[in-house]
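Welcome! Here is a friendly walk through one protein model, taken a few places at a time. Have a look at the picture, and then read on.

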Amino acid sequence: MASYNIFLLLLVASGAFMILEAKGQLSLSPTHYSSSCPNVLSIVNKAVIEAINKETRIGASLLRLHFHDCFVNGCDASILLDDIPGSFVGEKTANPNNNSVRGFEVVDDIKAKLEKACPGVVSCADILALAALDSVVYLGGPSWEVSLGRKDSTTANLTAANTFIPPPTSNLSGLVANFSVQGLSFKDMVALSGSHTIGLARCTSFRAHIYNDSNIDSCFAKSLQQICPKVGNNDTLAPLDRQTPTFFDNKYFKNLVKGKGLLHSDQELFNRAAADSLVEKYATYQKEFFKDFAEGMVRMSRIKPLTGSEGEIRKNCRKVN
């Protein structure tokens, strides 16, 4: 009887969490700032395009910021908070983020422009969601509707960042688990992994794959070994999609089919397992990849948003008010 009561309690608690999460999602709206900051979309879009024109790689960095933010306690801009020695530890030094995530200065610039246009209105979490969209679209990818109205967190979680952001060493079951705990499907996981069609990765992220794995094209591995030796050159960069690293297309999946995924976690998606058929579909039909990627981004951007009286609108994205 006791175990049955515990089961009921867990079921009720789980249902209550789902209801609370759904309420947060429902309170988001594409028109959230239509009266309070009507130029928000154009301000963010212009700033993102300017940043990408200065450095094309920054588009991938902004997309990655949104991803790494949402996978840690929801899309709440916690990843933007700086450490405060002796009093506050943020998420920037987590293993998946340290010396890896970037684009913070671009977010600062966007926030400064929005604070000038409509002070205290637009959250940093919404900036990340919009900047990810604008980056993908400007680099040739699909568009989707971004619902707005997220609040910013007043806390961060280093442990959760180390736990829930998939590392480049992930196997397929690990990737499935990381996405599933966020309420994202197997298809979402494969489609959203296609974000690696843009951007670069450090030697430390792919070294083990090019020296130790057998499911990699040998010529591809040898070419990477020229720039990423077994020891040293840790910060040397290589494109995640060697053909078009600054253009959003489906070549990432075409490369996986050929055994040319840069990261171990990339090639796990095409390794004689359950994801193979989806990878082949996306490699053949870019339109299908774009559709599923856009739908996945909508779902990801709505993970546990802070709304209503929760959180705050940070004046400076790097620190709480």
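## A first stop: the loop between H3 and H4

Where is the place of Asn 99? Asn 99 sits in the loop between H3 and H4. Please keep in mind as you look around that this is a predicted model. The phi angle of Asn 99 is near 55 degrees, which is a positive value in a residue other than glycine. Most residues other than glycine have a negative phi. With a relative accessible area of 59%, Asn 99 is exposed, because exposed means over 50%.

Ala 77 also belongs to the loop between H3 and H4. Its phi is near 65 degrees, again a positive value in a residue other than glycine. Is Ala 77 buried or exposed? Ala 77 has a relative accessible area of 0%, so this residue is buried.

## The domain in the record

UniProt, in an unreviewed entry, lists residues 27-321 as "domain: Plant heme peroxidase family profile". Across residues 27-321, the chain is 45% helix and 2% strand.

## How H2 meets H4

Let us turn to a pair of helices. Helix H2 covers residues 40-54 and helix H4 covers residues 104-117. Their axes come within 10 Å and cross at roughly 150 degrees. Because angles over 145 degrees count as roughly antiparallel, H2 is roughly antiparallel to H4. The crossing in which H2 passes H4 is right-handed.

Which residues of H2 and H4 make the contact? On the H2 side they are Val 40, Ile 43, Val 44, Ala 47, Val 48 and Ala 51. H4 brings Val 106, Asp 109, Ile 110, Lys 113, Leu 114 and Ala 117. Sorted by class, the residues of this contact of H2 with H4 are 10 nonpolar, no polar and two charged.

## How H3 meets H4

Helix H3, made of residues 58-70, also has an axis that comes within 10 Å of that of H4, and the two cross at roughly 80 degrees. An angle from 65 to 115 degrees counts as roughly perpendicular, so H3 is roughly perpendicular to H4. Ile 58, Leu 62 and Leu 65 of H3 make the contact with Phe 104, Val 106 and Val 107 of H4. How many nonpolar, polar and charged residues does the contact of H3 with H4 have? There are six nonpolar residues, no polar ones and no charged ones.

## His 68, an annotated residue in H3

Staying with H3, you will find His 68 in this helix. The UniProt annotation "active site", from an unreviewed entry, covers His 68. His 68 counts as buried, because its relative accessibility is 5% and the cut-off for buried is under 20%. Not counting residues up to four places away in sequence, His 68 touches Ile 79, Pro 96, Asn 97, Val 101 and Ile 165.

Another annotated residue is Pro 166, where UniProt places the feature "binding site" in an unreviewed entry. Pro 166 is in the loop between helix H6 (158-164) and helix H7 (172-180). At 17% relative accessibility, Pro 166 counts as buried. Leaving aside neighbours within four places in sequence, Pro 166 is in contact with Phe 67, Phe 71, Leu 175, Asn 178 and Phe 179.

## Ser 193, in H8

Our last stop is Ser 193, found in helix H8, which covers residues 186-193. Is Ser 193 buried or exposed? Ser 193 has 12% relative accessibility and so counts as buried.

Leu 175, one of the residues in contact with Pro 166, returns here. The C-alpha atoms of Ser 193 and Leu 175 are separated by 9.7 Å, and the two residues are 18 residues apart along the chain. Leaving aside its neighbours within four places in sequence, Ser 193 is in contact with Tyr 252 and Leu 269.

Conventions:
Residues numbered from 1 in each chain as written. Predicted model: local features only at pLDDT ≥ 70, side-chain atom pairs only at ≥ 80, totals over all residues. Heavy atoms only, no water. Axes fitted to C-alpha atoms, helices over the stretch in contact; angles between N-to-C directions. Helix = DSSP H or I, 4+ residues; strand = E, 2+ residues; numbered from the N terminus. Parallel < 35°, antiparallel > 145°, perpendicular 65-115°, else oblique. Left-handed = near helix turned anticlockwise from the far one by under 90°. Contact = heavy atoms within 4.5 Å. Nonpolar A, V, L, I, M, F, W, Y, C, P; charged D, E, K, R; others polar. UniProt positions renumbered as here; feature names shortened; annotations may be inferred. Buried < 20%, exposed > 50% of the residue type's maximum accessible area, 1.4 Å probe, protein only.
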